[in-house]
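Thanks for making time this morning. I would like to walk through one model with you, going from strands to surface patches and then to charged pairs.

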Amino acid sequence: MDFSSMFFLSFVAFLFIFLFNSLLNCLSSNAKKLSLPPGSLGWPYIGETFQLYSQNPNVFFASKQKRYGPIFKSHILGCPCVMISSPEAAKFVLVTRAHLFKPTFPASKERMLGKQAIFFHQGDYHTKLRKLVLRAFKPEAIKHIVSDIESIATSTLQSLEGRLINTFQEMKTYTFNVALLSIFGKDEVLYREDLKRCYYILEKGYNSMPINLPGTLFNKSMKARKELAQILAKILSTRRQMKLDHNDLLGSFMGDQEGLTDEQIADNIIGVIFAARDTTASVLTWIVKYLGENPSVLQAVTVRNQT
Ligand code: HEM
């Protein structure tokens, strides 16, 4: 996979689809004045869902990009959508015209991550979750795990010695391990393998066709999602019995005054892993690429880290 499609895919994987509702509504009522980007909407309702899911998604996006450019329309999982893959377009959606857009996900993605996750909400509940997430990642809250994160980085680097690797995949493993530490603190060691096994199955089916029949990737994902919720329930119950204060993200969600239900906590834990993993792994991969291509910058960074 080349770097631009990798970045694009991780971006799409997270945001999945920004429905340009306002744009499309505007368009239908005012078709003569506005025009949609190039592309194809495919069949009624089904759109281009089968084209996307019957092949490697990279091939779908790469061929569309080649044919229509960095911004193109499509129709996936019942949603008319505009796909973007350029930094300028991302800035338009996320920064300069962010007020015109509302993040929405297809229903199957909501089911998989959990309907109570922060991404699917606005208003007071959203504000509260944002506060709880931010407080768990403040420098004050994470300073005591910096040395553990460094150990994870060191052992990751050691494990790469002498191997031909896919940097993005290795960075995903690294970010997953750091995510577990930031979310569960030292407790994570006990549950790491189970959490990893289930999360990886969940992730594998995340972009699969949402057909919930025995044997489909989607079905396996949904089962893994259920198992994840059970593991999280176990962790919550153990913590409640121990009655200890924790400084990590789970501790932040479990605060007595916050009044979150177990389901809300589980959906948001899974949501944060999802939000943090591919995005951070993608940035780290770019950093590795550019440091590799610019030895003088690598040296400056190395000197800075040693002082
Ligand atoms: C370089 C890495 C990252 C990138 C590029 C990235 C990108 C994004 C983007 C584009 C959004 C959507 C913003 C919007 O809807 O306006 C978002 C939301 C979010 N991200 Fe990240 N993210 C990164 C790392 C992380 C990490 C490490 C965490 C873990 C705490 C995280 C947690 C979240 C959460 C909870 C939201 C939802 C915020 C909300 O709805 O208010 N992200 N991220």
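Let me begin with a convention: two strands are said to pair if DSSP finds at least two bridges between them. Helices (H or I, at least four residues) and strands (E, at least two) are DSSP runs, numbered from the N terminus. What we have on screen is a predicted model, in which local features need pLDDT of at least 70 and side-chain atom pairs count only at pLDDT 80 or more, while totals for chains, interfaces and linings use all residues. Residues are numbered from 1 along each chain as its sequence is written, and side-chain values use heavy atoms, with hydrogens and water left out.

With that in place, strand β1 (residues 71–76) pairs with β2 in the antiparallel sense, over six bridges. Within this pairing, I71 stands opposite I84 in β2, and H75 has P80 as its bridge partner in that strand. For burial I use relative accessible area: buried is under 20%, exposed is over 50%, and partly exposed is in between, with a 1.4 Å probe and protein chains only. By that criterion five of the six residues of β1 are buried, and five of the six residues of β2 (residues 79–84) are buried as well.

The two strands form a hairpin with two residues between them, and one turn residue, L77, has a positive phi of about 50° although it is not a glycine. L77 counts as buried because its relative accessible area is 16%.

Y45 also has a positive phi, near 60°, in a residue other than glycine, and its place is in the loop between α2 (21–29) and α3 (49–53). Is Y45 buried or exposed? With a relative accessible area of 64%, Y45 is exposed.

Patches are made of residues with over 30% relative accessible area and no salt bridge, like charges being joined within 9 Å and nonpolar side chains (Val, Leu, Ile, Met, Phe, Trp, Tyr) within 5 Å. The accessible areas come from the Shrake-Rupley method with a 1.4 Å probe, and for residues only the protein chains shown count as cover.

There is also a patch of positive charge on the surface, where K204, K220, K223 and K226 gather. Helix α12 (residues 217–242) gives the most to this patch, with three residues, whereas K204 lies in helix α11 (residues 188–206) and, at 65% relative accessibility, counts as exposed.

Turning to charged pairs, a salt bridge here is a side-chain nitrogen of Lys or Arg within 4 Å of a carboxyl oxygen of Asp or Glu. How many salt bridges does the structure hold? The structure holds 15.

One of them joins K186 to D148, with the closest N and O atoms 2.9 Å apart. That pair links distant parts of the chain, 38 residues apart, with K186 in the loop between α10 (167–184) and α11, and D148 in helix α9 (residues 146–160).

Other pairs sit within a helix: D194 and R197 meet at 3.5 Å, N to O, and, because they are three residues apart in helix α11, about one helical turn separates them. Likewise E293 and K289 meet at 2.8 Å, N to O, and are four residues apart in helix α14 (residues 262–293), so they too are separated by about one helical turn. Finally, K172, E203, R277 and D278 are linked in a network of salt bridges.

Key:
Lys and Arg count as positive and Asp and Glu as negative; His and the chain ends are not counted. The place of a charge is taken as NZ of Lys, CZ of Arg, CG of Asp or CD of Glu.
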